[in-house]
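Hello,

Here is the structure I promised to hand over. Have a look at it first, and then read on for what turned up in it.

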Amino acid sequence: MKYYIILLFLGLSLTTFAQEVTKEGKIYEVKNEKIFLDGQDVTETLNLEQRTLIFKEAAAISEKMKLEELAKKKAEQAKLEAEKVKKAEAQAKLDAEKVKKEEEKVLKDAERAKKEEEKALKKKEDVAKKLEKENKKAIKAQKKAEKAQKKAEKAIKKKEKLQKNFEKAESSLEKGQKKYEKLKGKGKLSPEDEKKWLEKLEKLSEKVTKAKRKL
């Protein structure tokens, strides 16, 4: 019953894309909850443990692909935000150069005529306000890009941590299963011991399920 639960869980976690899994020198192809070898469906010819291991590895490959795709999208989004900041900074620089040229013109006009001085000063104030506004916009855009970058990095770290937790839980389940099978095969398990082992394996399986769900 335990294996069927694991098989169902792994089958649901697989994508519709085929995954290649190498076991004992053979390359299996897993697609649509079926296992193929050299193009032939061999799902029913494998025992339950073999199917579980193959589906488990295929699910891990599938999840890795999903995580890589998510990280790629986050990185592209951060790159786009950084490009927006760069454009805003370039525009602010152009505006600053424009202001500088206009200020030089105002000074020349002031030397020629006193009446033009007041007009030039007013224009200078307007330009300064415009520059200040553009600078604020550039700073705001930069902060937004930095925030997006941090958010993307945080999301990647979180996914990496969840992936490690999943792999750890999965490893514990696999080790526990092997030890249980070994002890059972040697006939060293009393009915009470076997009950405890099954409960332990069930808890480990639940941990894997929870870690998988968080991913």
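A search of the whole structure, which is a predicted model, turns up 7 salt bridges. The term stands for a side-chain nitrogen of Lys or Arg within 4 Å of a carboxyl oxygen of Asp or Glu.

Before the details, some notes on reading the values. Local features need pLDDT of at least 70 and side-chain atom pairs count only at pLDDT 80 or more, while totals for chains, interfaces and linings use all residues. Residues are numbered from 1 along each chain as its sequence is written, and side-chain values use heavy atoms, with hydrogens and water left out.

One of the salt bridges joins K23 and E57, with 3.2 Å from N to O. K23 belongs to strand β1 (residues 19-23) and E57 to helix α2 (residues 48-112), so this pair ties together parts that are 34 residues apart in sequence. Helices (H or I, at least four residues) and strands (E, at least two) are DSSP runs, numbered from the N terminus. K23 is partly exposed at 27% relative accessibility, and E57 counts as partly exposed at 29%. For these words, buried is under 20% relative accessible area, exposed is over 50%, and partly exposed is in between (1.4 Å probe, protein chains only).

Helix α3 (residues 115-185) holds the pair D126 and K122, 4 residues apart and separated by about one helical turn. Their side chains meet in a salt bridge of 3.7 Å, N to O. K122 is exposed at 53% relative accessibility, whereas D126 is partly exposed at 40%.

K178 and E174 also lie in helix α3, 4 residues apart, or about one turn of the helix. Their salt bridge is 3.6 Å from N to O. Here K178 is exposed at 53% relative accessibility, and E174 is partly exposed at 28%.

Now to the strands. Two strands pair if DSSP finds at least two bridges between them. Strand β1 runs antiparallel to strand β2 (residues 26-31), with 5 bridges, and β2 is joined to strand β3 (residues 34-37) by 4 bridges, again in the antiparallel sense. You can follow this through Y28: this residue in β2 is the bridge partner of V21, and L37 in β3 is the bridge partner of Y28.

What about the hairpins? The one of β1 and β2 has 2 residues between the strands, and E24 there takes a positive phi near 50°. In the hairpin of β2 and β3, with 2 residues between the strands, N32 takes a positive phi near 55°.

Happy exploring!
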